[in-house]
Amino acid sequence: MSAVVKLSNVHKSFGSLQVLNGVSFDVNRGEVVAIIGQSGSGKSTALRCINALETIEQGSIEVCGHQIHSPALDKRALRLDVGIVFQSYNLFPHLTAEQNVMLAPTCVRKLGKKEARDLAQDCLARVGLAEKAGHYPEQLSGGQQQRVAIARSLAMQPKVMLFDEVTSALDPQLTGEVLKVMEDLAKGGMTMILVTHEMGFARKVASNVIYMRNGKVWETLPGHELNNPQTAELREFIGHDL
């Protein structure tokens with residue numbers, strides 16, 4: 001299997017605070033990698049570096065053939081290949097669910113209106129919201145809004161999807177809705193990297209789990225082995241969840 005995402009000795013600081021301290025890991029095509037760890041361990045910063053939302057000071061990152069660390073990086077081309085979904089939905093309140101999903105394919109990929117609408121309807125159906133196409137964000141629950149945000153990323157037909165704590169603002173029922181969509185994407189072969197606190201989901205769906213601590217990759221293990229951590233730190237971190 002070939003790595004579609006490759007981080008090698010990545011360092012990142014904010015002022016005097018070193019957030020990433022020599023982070024290295026690979027993600028192969030079709031894999032689901034869950035990044036876990038305490039707040040401040042560097043999880044979300046690593047994800048943002050992968051999508052060039054943050055610049056790195058040392059090391060290299062390659063994503064779908066794009067050299068993220070290169071001054072010559074074409075960010076527009078990168079973001080055609082890499083989608084990212086955040087904790088906050090960031091939907092446009094004056095647009096319907098369908099219009100929110102149509103926007104990027106129309107503006108960025110230059111699809112015609114009919115083609116973009118067909119694509120939006122397909123993506124909304126994939127997240128179980130076909131019947132909500134004409135609804136505005138204020139008419140949707142938090143879980144439904146997050147699923148629209150996922151559909152919006154899917155509409156760009158990315159090769160890799162990044163998810164940054166996408167369920168942390170949702171109650172348990174709505175969390176289940178969103179995780180079901182992500183599980184279906186995984187079954188469909190989507191390459192995914194997710195920062196999450198959902199240990200049960202990581203065990204069930206993740207090919208590999210990366211435990212980060214103090215800006216480093218502390219331990220990596222298959223998702224189904226998450227109940228059998230090899231380091232005392234990971235054992236303590238997930239202990240309350242076992």
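Okay, let's start in helix α4, where D118 and K114 sit four residues apart, which is about one turn of the helix. One reminder before I go on: this is a predicted model. The side chains of those two, D118 and K114, meet in a salt bridge, at 2.8 Å from N to O. Why does that spacing work? An α-helix has 3.6 residues a turn, so residues three or four places apart point the same way.

Staying with α4, have a look at R117. Its partner is E98, and the closest N and O atoms of that salt bridge are 3.2 Å apart. E98 belongs to helix α3, residues 97–107, and R117 to α4, residues 113–126, so the pair ties together parts that are 19 residues apart in sequence. E98 is buried, with 13% relative accessible area, and R117 is partly exposed at 33%.

How many salt bridges does the count come to? Ten. One more of them I'd like to show is K12 with E54, with 3.9 Å between the closest N and O atoms. That one links distant parts of the chain: K12 is in strand β1, residues 3–14, and E54 is in the loop between α1 and β4, 42 residues apart. K12 is buried, too, at 6% relative accessible area. And salt bridges that share partners join K12, R48 and E54 into one network.

That brings us to helix α1, residues 43–50. The helix is mostly covered, with six of its eight residues buried: K43, T45, A46, L47, C49 and I50. Just after α1, A52 takes a positive phi of about 60°, in case anyone is checking backbone torsions.

Now the inside. The largest nonpolar core has 51 residues, and the ones with the most contacts inside it are I36, I150, F163, M182 and M192. Which helix gives the most to this core? That's α6, residues 172–187, with seven residues. If you pick M182 and set aside its neighbours within four places in sequence, the contacts are I150, F163, V166, M192, L194 and F201. Apart from that core lies another one, of 29 residues, with V5, L73, I193 and V195 among them.

How values were computed:
Residues numbered from 1 in each chain as written. Predicted model: local features only at pLDDT ≥ 70, side-chain atom pairs only at ≥ 80, totals over all residues. Heavy atoms only, no water. Core = buried A, V, L, I, M, F, W, Y, C linked by side-chain atoms within 4.5 Å. Buried < 20%, exposed > 50% of the residue type's maximum accessible area, 1.4 Å probe, protein only. Helix = DSSP H or I, 4+ residues; strand = E, 2+ residues; numbered from the N terminus. Contact = heavy atoms within 4.5 Å. Salt bridge = Lys/Arg side-chain N within 4 Å of Asp/Glu carboxyl O.
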